[in-house]
Amino acid sequence: MESIYDVPVLLRREIEALMIKPFLDEFEKELGRDKTYEIVESVIKEIAEKQGAYYAEMLGANDVEALLKQEEAWTANNALELENVIEEDTNLRQTVKRCAYVDMYERIGMKDLGFTLSCLRDEYFYRGFNMKMVMSRSKQLMTGGDCCDFYMQFPKEK
């Protein structure tokens, strides 16, 4: 193992959640819930965007194929059951049918934080990965949806 990026993301998220929860509880006592989570969300968005840029640089590309390659860390140990459909060689329709991240947050008693600590990252990660790509999602398993329905539109090369 050479870096944190060699550790499956599911395990990273559990370690992060267990580490950050006591800090959140204390900050919430001092700052209130709204201010605490305003700060947390801002930091998570920034981290996610930087990680997206890191992966694009590491892979030497930021297209559909590179996006699918970088997902290996997120899907390690059967963390996600995905259905991918590539459209017109540039767009990806992705359905997450099962998510071990939801199960993990439930197991550690922190499902209410799951969206903030994990799902919130998606849009910002993809923004860092490819600023011209547009990601949309109308539902997610973490908040009670029957799936996560991602649609990633990459710019067409001329």
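## Strands, core and salt bridges in a predicted model

Strand β1 (residues 80-87) and strand β2 (residues 91-99) run antiparallel and are joined by eight bridges. Two strands are said to pair if DSSP finds at least two bridges between them. Helices (H or I, at least four residues) and strands (E, at least two) are DSSP runs, numbered from the N terminus. The structure is a predicted model, in which local features need pLDDT of at least 70 and side-chain atom pairs count only at pLDDT 80 or more, while totals for chains, interfaces and linings use all residues. Residues are numbered from 1 along each chain as its sequence is written, and side-chain values use heavy atoms, with hydrogens and water left out.

### The paired strands

The hairpin of β1 and β2 has three residues between the strands, and E88 takes a positive phi near 55 degrees there. The bridge partner of E87 in β2 is N91. Strand β2 also pairs with β4, in the antiparallel sense, over six bridges. Here the bridge partner of R93 is Y151 in β4.

Which residue forms a salt bridge with E87? The partner is R93, with the closest N and O atoms 3.0 Å apart. A salt bridge is a side-chain nitrogen of Lys or Arg within 4 Å of a carboxyl oxygen of Asp or Glu.

F154 is found in the segment after β4 (148-153). Is F154 buried or exposed? F154 counts as buried because its relative accessible area is 7%; buried means under 20% relative accessible area, exposed over 50%, and partly exposed in between (1.4 Å probe, protein chains only). Not counting residues up to four places away in sequence, F154 touches N62, D63, V64, L67, T90, N91, N130 and M133. Contact means heavy atoms within 4.5 Å. N91 and F154 are 63 residues apart in sequence, yet their C-alpha atoms are 5.6 Å apart in space.

Q140 lies in the loop between β3 (134-137) and β4. Its relative accessible area is 14%, so Q140 is buried. Leaving out residues up to four places away in sequence, Q140 touches F115, G145, C147 and C148.

### The nonpolar core

In soluble globular proteins, nonpolar side chains tend to be buried together. A nonpolar core is a set of buried Ala, Val, Leu, Ile, Met, Phe, Trp, Tyr and Cys residues joined through side-chain atoms within 4.5 Å. The largest such core in this model has 43 residues, of which W74, Y101, Y105, Y126 and M152 touch the most other members. Helix α2 (residues 33-59) gives the most to this core, with six residues.

Apart from its neighbours within four places in sequence, W74 is in contact with V9, R13, Y55, A79, L80, Y101 and F125. One of these contacts, R13, is also linked with E16 and R121 in a network of salt bridges.

### A nonpolar patch on the surface

Some nonpolar residues lie on the surface: M19, F23, F27, L31, I39, V43 and I47 form a nonpolar patch with about 650 Å² of accessible area together. Accessible areas come from the Shrake-Rupley method with a 1.4 Å probe, and for residues only the protein chains shown count as cover. Patches are made of residues with over 30% relative accessible area and no salt bridge; like charges are joined within 9 Å, and nonpolar side chains (Val, Leu, Ile, Met, Phe, Trp, Tyr) within 5 Å.

Helices α1 (9-31) and α2 each supply at least two residues of the patch, and α1 gives the most, with four residues. I39 is found in helix α2, and I39 counts as partly exposed because its relative accessibility is 39%.

### Salt bridges

How many salt bridges are there by the rule given above? The count comes to 15. The table lists some of them.

| Pair | N to O distance | Relative accessible area |
|---|---|---|
| K50 and E46 | 3.1 Å | K50 55%, E46 47% |
| E87 and R93 | 3.0 Å | E87 23%, R93 39% |
| E106 and K111 | 3.7 Å | E106 45%, K111 28% |

K50 and E46 both lie in helix α2, four residues apart, which is about one turn of the helix. K50 is exposed, because its relative accessible area is 55%, whereas E46, at 47%, is partly exposed.
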